[in-house]
Amino acid sequence: MTKMTKLMGATAVAMAMGTAAYADGHACAADGRLSIIGNEFPAIQSVAALAQSCDGVESEANLTADHQSLNVPGMTGNPAEYTTAIVANSSIVALINNDVIQPLDNLVAQYGADIPDHMKISVNGEIMAIAFMANAQHLVYRADILEAAGLEVPTSYEEVLAAAETIREQGLLENPLGGAYASGWNLAQEFNNMYIGHGGEFFEPGTANVAINNEAGIATLEMMKALSEYMNPDFLTHDSNATSAEWEAGNVALMNMWGSRTGVLMDDEGAAEEVYSNTMVSGPLMVGDSGVPATTLWWDGWTVSKNISDEDAAATFQAMAHAVSPALLNDETMSQAVWLIDGFEPQTVNEGVLATVSAGAKPYPMVPYQGLLHTALGNELSDFMQGNESAEQALADVEAAYTAAATEAGFIQ
Amino acid sequence: MRHGTFLAFVAPSLIAMIALIVFPVISVVVQSFHAQHEQVIEIVESCGPFGCSETTAVNQEATQALREAEPLGRFVGWDNYVNRGHLAFAEMAEAWSSSETWGEWWSKVMNLPFYGAIVFTLTFTFIVTPLTIALGFAIAVAVNSATRAIRGPLIFISLLPFIINPIVGSLVLFWMVDARGILGQAIQWLASDPDLSVKASTPMMWIMLMVYGVWHSAPFAFVVFYAGLQTVNQDTNEAAMIDGANRWQRVRYVTIPHIMPLVTFVALIQLMDNFRVFEPLISFSAEAHAQSLSTYILSDLTGETVLFNSAAATSMLTVVCVGILLSPVLVRTWRDFKRA
């Protein structure tokens, strides 16, 4: 598995080197071990491939969708199997909670003079990760269908509901809305978006006590339920992949989707010309009158393992710093993500994420117990979405499930 | 055989069993009585590409000291077993005292995740096991009476569902029952309801999971029964035929008594297998409609914060349930053994 990934990584580098020049005097060389664990999508593959190209570094990469269940166990031993984990603002929390990554201040001082401040993720004054790309969910729409229905591009969920009703009435599409509402992580994420959009706070300030059974929580669930009336009846089984497939099949006109996935929707593979050429992105949707967009901002970044030798830590840091330097950007990689790297030129597919950042969206909370709440939401909300229980009951269930888990995990004393 | 020789022969497997089964079970038991340390939380400032904000974080130094003092975590006794995620004693008592009708009480119990999981798991086990045995037996009798020339291909085709990887098999069925799939369309046509969707309805989802369960394990029952059918005493069969027994009577009074021990064996294996139903729930994305004990344990282990202690408690409860479930069959086997 690892060998395979390594081989593919090497091929990718070779190919990229053939098309565009990486070498701009920033040759990278270090002595030591580099072992990457991370998610698998094009942007991360490019970063890992460039890191592995460093001279003198003994490198391997394990890029897999299951990275979250592998990174903590793989970094707990001493010496750790993985010298760096590529994480997002949700998953770095588990690494910090388990104390398996090291503060990077010394390494930044020694080798990271070129790293701009906006890429540094600091917690309590210590740099814990270097972010390299941003991601967010935002509106994706079909220009031809909105035009046929005589509608403007919606900017709020209330307008989305009205637009969906018009599209259905005119017989253009039976289920005009899409959304990653699959029971579990996706459904919980849609709740988070909408709850933040209603101006809700997840916890009592400074404590791990959950506080979502309130007006904002109920308004959130009611809006989600209203939206689901215009979705494919199987919506509770549709994750981001299935929702994208529905989109490419031409069944959906409006949806809230990840910026990192819009490239696939707008290319000419897997969809009819009418669908992909009319696929447009726009900024985040608002809900209610809080003025905060109903979405969250995400970053992806890399960390350095704590349980490794200083030599390996230095080599890992140098290789990864090189991999997220301007040397990464070329014609092929430019459109793969909203890079935080200097020299990034926004592409059409990135407009949604950039609009989300400038609309003042909030980042996904980097709180130690947010993951437990996310799991509880994912497990308990589907009863409400199926109409089996009231919004108050669903939120009470979430609070009870979270409280039991957080008590066991030692967050509530 | 001398005791020493016997011991020497079984020693390797005994050692392997102790190392791979007994020790892990002991470790799970120990974990199920512990919870994680109290986390020392502090308010910190966190900065990133989207600006700075106040947030909370775990104080590593303080937590590290707690961890070293008590490496196993806090001892909490039966807390993990009785909290809301498991047996939920407090919630059950509350449901009992506050409900006025049985229906109200039942919906409150089903709202608790552990009881929801156990009800699905038991329903699945008790519906799928007898159907598997019946269908497997029917196929075995049918194949056994087919002409010798086509038996080979028939056996191969009957075995296919068992050979196919469960994940692949259930995915194939999942796509077929999609609202736009061949079976999904057929169901919509039969019910003359274009909005009917198997994946959106809890009863339909349960039925589909059980249909898959029977489809997948019937070949196992078939193979065992087919082997048993080869040893049916033909003299008895012919005698019954001369006495005027029809085909059904011969199956009922000659074949079934002969293969009864095999039925016990298949029932035992199927009860254990069906009780840990897992793959179809994952492939069907059935989380919204059905949880089994296995998927419930998985959900504790796959979140961003892993709950080992909760998963350990659920595992122990599963072991206890399997023990209760198998006890009649085990008692029967033990009696047969003593008689022999």
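I shall speak about the domains of chain A and then about strand pairing.

Please bear in mind throughout that this is a predicted model.

Let us begin with the domains. Chain A is assigned domain 1, covering 2–135 + 298–352, and domain 2, covering 137–296 + 353–408. The centres of domain 1 and domain 2 of chain A, taken over C-alpha atoms, are separated by 30 Å.

How many residues are in contact between these domains of chain A? On the side of domain 1 of chain A there are 18 residues, and they meet 22 residues of domain 2 of chain A. Several elements of chain A supply at least two residues each to that side of domain 1: helix H4 (92–97), strand S5 (126–142) and helix H14 (351–358). The most comes from H4(A), which gives four residues.

I turn now to the strands. Strand S5(A), already mentioned, pairs with strand S4 (residues 120–123) of chain A in the antiparallel sense, over four bridges. Within this pairing, Ile121(A) has Ala129(A) in S5(A) as its bridge partner. The hairpin of S4(A) and S5(A) has two residues between the strands, and Asn124(A) there takes a positive phi near 55°.

Which strand of chain B pairs with S4(A)? The partner is strand S2 (residues 41–48) of chain B, joined in the antiparallel sense over two bridges. In that pairing, Cys47(B) of S2(B) stands opposite Ser122(A).

Thank you for your attention.

How values were computed. Residues are numbered from 1 along each chain as its sequence is written. Chains are lettered from A and ligands numbered from 1 in the order in which they are written. This is a predicted model: local features need pLDDT of at least 70, side-chain atom pairs count only at pLDDT 80 or more; totals for chains, interfaces and linings use all residues. Domain bounds come from an automatic or database domain assignment. Two residues are in contact if their C-beta atoms, placed from the backbone, lie within 7 Å. Two strands pair if DSSP finds at least two bridges between them.
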